[in-house]
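Colleague: Before we discuss the terms, could you show me the model?

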Amino acid sequence: MDWSTRACARTGHVTFSPAEDHLAQQIRVSTPVGTAWKCLRCGVFVPGEPFAHGPASEAPEILHDHQIRDRVIIRFLAVERFIRGLIVLVLGIVVYQLQGSQDSLQDRLTTSIPLLKPFADQIGWNINQSKFIHLLNVIVETTPHTLVLIAIGLVAYGCVQLTEGIGLWYQMRWAEYLTVVATSAFIPYEIYELMHTVTLFKIGAFVLNILAVLWLLWTKHLFGVNGGGAAIEVESLRGQSAIDHAISLRTAPVA
Ligand SMILES: [Zn+2]
């Protein structure tokens, strides 16, 4: 898939007229309908005025093919982390509020379960085996002090996930490191969990986390992997290098 062409179809071409004539000549052609400028991203010649002009050093930074794909993947990861963080944070707040009302929860469970039983039997819900009821019982029997510790843990984990999500969305380098370190830290726990019970959701989350760590390490050159930080400088194209790249692109027909 040509990600540059897709990006241009979605957000429009990026044309630039450099002040340096020898550069301008290489990304400009005359057509029957006037001058056309070569798109710095996809290489198509676009008739009409260039999007911007100025010295070559001011040419906009352009993401090309695989960089655009990487941004789509990282934004998917960002949204996934953000939603997960929000759910865990809300869960933490709910658990914290429960520690003050364990007695009333106990009363409600004692009175509600016998009332729910006939209804549960009718719809085939085995209330005695219900994980949700089991979870409520665990909360009732846990000491308030432990519940506060669980709530703090959940809120902290939720905040880390939210921070990862926001940082990844804005492509912050620290967020890529944070995601790799925090996600790796939970992988032994996920393996431990999978050794006890295997569900499709757990396997999915586990595989996604492993892939996310490996993908970030490799494509973002973290911890010196795949050429390290120096390799990123080579990939980043702005100013004259963006124009040089456009010149090197195969000449496409006029759009
Ligand atoms: Zn284009």
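Modeller: Helices are DSSP runs of H or I with at least four residues, strands are DSSP runs of E with at least two, and both are numbered from the N terminus. This is a predicted model, in which local features need pLDDT of at least 70 and side-chain atom pairs count only at pLDDT 80 or more, while totals for chains, interfaces and linings use all residues. Residues are numbered from 1 along each chain as its sequence is written.

Colleague: Where does Phe223 lie, and why does it count as exposed?

Modeller: Phe223 sits in the loop between helix H8 (200-219) and helix H9 (229-235). A residue is buried if 20 or more other C-beta atoms, placed from the backbone, lie within 10 Å of its own, exposed if 12 or fewer, and partly exposed in between. Phe223 has 12 C-beta neighbours inside 10 Å, so it counts as exposed. Its phi is positive, about 50°, although Phe223 is not a glycine.

Colleague: What makes Gln171 partly exposed?

Modeller: Gln171, in the loop between helix H6 (144-169) and helix H7 (173-196), has 14 other C-beta atoms within 10 Å, and therefore it is partly exposed. Gln171 also has a positive phi of about 55°, although it is not a glycine.

Colleague: Why is Val79 called partly exposed?

Modeller: Val79, which is found in helix H3, has 13 other C-beta atoms within 10 Å, so it is partly exposed as well. The C-alpha atoms of Val79 and Trp169 are separated by 7.7 Å, although these residues are 90 residues apart along the chain.

Colleague: Why is H1 called roughly perpendicular to H3?

Modeller: Helix H1 (residues 3-11) and helix H3 (residues 65-98) pack at an angle of about 70°, with their axes 7 Å apart; the axes are lines fitted to C-alpha atoms, for helices over the stretch in contact, and angles run from 0 to 180 degrees between N-to-C directions. Angles under 35 degrees count as roughly parallel, over 145 as roughly antiparallel, 65 to 115 as roughly perpendicular and the rest as oblique, and that is why H1 is roughly perpendicular to H3. Trp3, Ser4 and Ala7 of H1 make the contact with Asp65, His66, Ile68 and Arg69 of H3, where contact requires C-beta atoms, placed from the backbone, within 7 Å.

Colleague: How do you know that S2 and S3 pair?

Modeller: Two strands pair if DSSP finds at least two bridges between them, and strand S2 (residues 28-31) and strand S3 (residues 34-38) have four bridges in the antiparallel sense. Val29 has Ala36 in S3 as its bridge partner, while Thr31 stands opposite Gly34 in S3, and a hairpin of two residues joins S2 to S3.

Colleague: What joins S3 to S4?

Modeller: Three bridges join S3 to strand S4 (residues 44-47), and these strands run antiparallel. Trp37 has Val46 in S4 as its bridge partner, and in the hairpin of S3 and S4, with five residues between the strands, Gly43 takes a positive phi near 85°.

Conventions: Contact = placed C-beta atoms within 7 Å.
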